[in-house]
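Reader: I have a structure to look at and I am new to it. Could you walk me through how to read its features?

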Amino acid sequence: MAENKTKATKASVAGYLAAIANETRRADCERLVQLMSKATGEPPTMWGTAIVGFGSYHYVYDSGREGDSCVVGFASRANEIALYLSSAFPKRDELLATLGKHKTAKACVYVKTLADVDEKVLARMVKASFAHTKKQWA
């Protein structure tokens, strides 16, 4: 079975943030580190070369595939910020409805800038997603 490519590293989160060329995006990502650290009680860790994660958990799927991942996290992408949250935490849809301007995929929420969203709602989402994932994989 293939090994998970995205693993926790000792790379510098500050270095990752400093390398974000767009000033607004860099400030948003620095703010996300604060928001997610406070919501999770976990320090930021680089996962691979481009994901800032908070906490970790070990998963084992019915298929037998297993690995480790950050509980919540984010990444600065070319056109937006990807927020890595659970796809099934309680009140997810209700919170998304009041978050502000965003797009979603299965578990990811994409925002152009933090100015487009309600940070209090985002903090509640991070906290709820973190608790749900930790409980699910405990």
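This is a predicted model: local features need pLDDT of at least 70, side-chain atom pairs count only at pLDDT 80 or more; totals for chains, interfaces and linings use all residues.

Reader: Thanks! Let me begin with the whole chain. How many helices and strands does the protein chain have?

Author: The secondary structure comes to four helices and six strands. Following the sequence, the elements come in the pattern α-α-β-β-β-β-α-β-β-α.

Reader: What does the radius of gyration say about the protein chain?

Author: The radius of gyration is 14 Å, close to the 14 Å that the globule rule gives for 138 residues, so the protein chain is as compact as a globular protein of that length. Along the principal axes, the C-alpha atoms fill a box of roughly 40 × 35 × 25 Å.

Reader: And what share of the residues is buried?

Author: Of the 138 residues in the protein chain, 40% are buried. Among the contacts with a separation of 6 or more, 52% are between residues 24 or more positions apart.

Reader: Now the helices. How are two packed helices described?

Author: By two values: the angle between their axes and the distance between the axes. Helix H3 covers residues 92-99 and helix H4 covers residues 119-136; their axes come within 9 Å and cross at roughly 160 degrees.

Reader: Which way do H3 and H4 run relative to each other, roughly parallel or roughly antiparallel?

Author: An angle over 145 degrees counts as roughly antiparallel, and H3 and H4 are therefore roughly antiparallel to each other. The crossing of H3 with H4 is left-handed.

Reader: Which residues meet where H3 and H4 touch?

Author: From H3 come Leu-95, Leu-96, Thr-98 and Leu-99, and they meet Val-121, Leu-122, Arg-124 and Met-125 of H4. Sorted by class, the residues of this contact are six nonpolar, one polar and one charged.

Reader: H4 also packs with H2. At what angle do H2 and H4 pack?

Author: The angle is about 50 degrees, and the axes of H2 and H4 are 9 Å apart. That makes H2 oblique to H4. The crossing of H2 and H4 is right-handed.

Reader: Which residues of H2 and H4 meet?

Author: In H2, look for Arg-31, Leu-32, Leu-35, Met-36, Ala-39 and Thr-40; in H4, the partners are Glu-119, Leu-122, Ala-123, Val-126, Lys-127 and Phe-130. By class, this contact has eight nonpolar, one polar and three charged residues.

Reader: What about Asp-28: is Asp-28 buried or exposed?

Author: Asp-28 sits in helix H2, residues 23-40. At 10% relative accessibility, Asp-28 counts as buried.

Reader: Which residues does Asp-28 touch?

Author: Leaving out residues up to four places away in sequence, Asp-28 touches Ile-81, Lys-112, Thr-113 and Leu-114. Take Ile-81: Asp-28 and Ile-81 are 53 residues apart in sequence and 8.8 Å apart from C-alpha to C-alpha.

Reader: Could you show me some residues in loops too? Where is Asn-79 found?

Author: Asn-79 is in the loop between strand E3 (66-76) and E4, and at 53% relative accessibility Asn-79 counts as exposed. Not counting residues up to four places away in sequence, Asn-79 touches Arg-25 and Lys-112. Lys-112 is also among the residues that Asp-28 touches.

Reader: And which loop holds Lys-91?

Author: The loop between strand E4 (81-84) and H3. Lys-91 has a positive phi of about 65 degrees although Lys-91 is not a glycine. With a relative accessible area of 52%, Lys-91 is exposed.

Reader: Is Ala-14 buried or exposed?

Author: Ala-14, in helix H1 (residues 13-18), is exposed, with a relative accessible area of 55%. Ala-14 and Val-33 are 19 residues apart in sequence and 9.9 Å apart in space, C-alpha to C-alpha.

Notes:
Residues are numbered from 1 along each chain as its sequence is written. Side-chain values use heavy atoms; hydrogens and water are left out. Axes are lines fitted to C-alpha atoms, for helices over the stretch in contact, and angles run from 0 to 180 degrees between N-to-C directions. Helices (H or I, at least four residues) and strands (E, at least two) are DSSP runs, numbered from the N terminus. Angles under 35 degrees count as roughly parallel, over 145 as roughly antiparallel, 65 to 115 as roughly perpendicular and the rest as oblique. A crossing is left-handed if the near helix is turned anticlockwise from the far one by less than a right angle, and right-handed if clockwise. Contact means heavy atoms within 4.5 Å. Ala, Val, Leu, Ile, Met, Phe, Trp, Tyr, Cys and Pro count as nonpolar, Asp, Glu, Lys and Arg as charged, and the others, Gly among them, as polar. The radius of gyration is taken over C-alpha atoms; the globule rule is 2.2 Å times the number of residues to the power 0.38. Buried means under 20% relative accessible area, exposed over 50%, partly exposed in between (1.4 Å probe, protein chains only).
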